[in-house]
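Open the model in your viewer and keep the selection tool ready. We will go from the whole chain to single side chains.

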Amino acid sequence: MIHDWYFGGMHWIWWILWLILLFWIFLIPYPTPGQNRRKDKAMEALRERYARGEISDEEFEQKKKVLQDRKK
C-alpha cells in the first residue's frame, strides 16, 4: 500500500518543487542578479559624458562600439 501512495503525497511535493524551479529559471521576466550590470553602468556613464559635452560624437561612437563588442 505504501508504494501505491508514494509515501503519503511526497511524490506530488517533488513535482511541485520541480515546477517552481523551472518557472523560476525560464519565466522570471527580470534579469538574474549580477548579469551584465557592469557593462550597462559603463554605457550609462558614457551617455552622461556625451550629454555633458565632455566627449565628441566620434569618440562617443568609438567607445560605444567597444562596449558593445565586449558585451558579445
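Predicted model: local features only at pLDDT ≥ 70, side-chain atom pairs only at ≥ 80, totals over all residues.

Residues are numbered from 1 along each chain as its sequence is written, and side-chain values use heavy atoms, with hydrogens and water left out.

**Whole chain.** Colour by secondary structure. The protein chain has three helices and zero strands, in the order α-α-α. These are DSSP runs (helices H or I, at least four residues; strands E, at least two), numbered from the N terminus. Of the 72 residues, 7% are buried (under 20% relative accessible area; exposed is over 50%, partly exposed in between; 1.4 Å probe, protein chains only).

**Core.** Select Met 43, Leu 46, Ile 55, Phe 60 and Leu 67. These five residues form the largest nonpolar core (buried Ala, Val, Leu, Ile, Met, Phe, Trp, Tyr and Cys residues joined through side-chain atoms within 4.5 Å). Helix H2 (37-51) and helix H3 (57-71) each give at least two of its residues.

**Ring pair.** Now show Tyr 50 and Phe 60. Their rings are stacked, 4.4 Å centre to centre with 25° between the planes (ring centres of Phe, Tyr and Trp, its six-membered ring, within 6.5 Å; planes under 30 degrees apart are stacked, over 60 edge-to-face, the rest tilted). Tyr 50 sits in helix H2 and Phe 60 in helix H3, so the pair links parts 10 residues apart in sequence.
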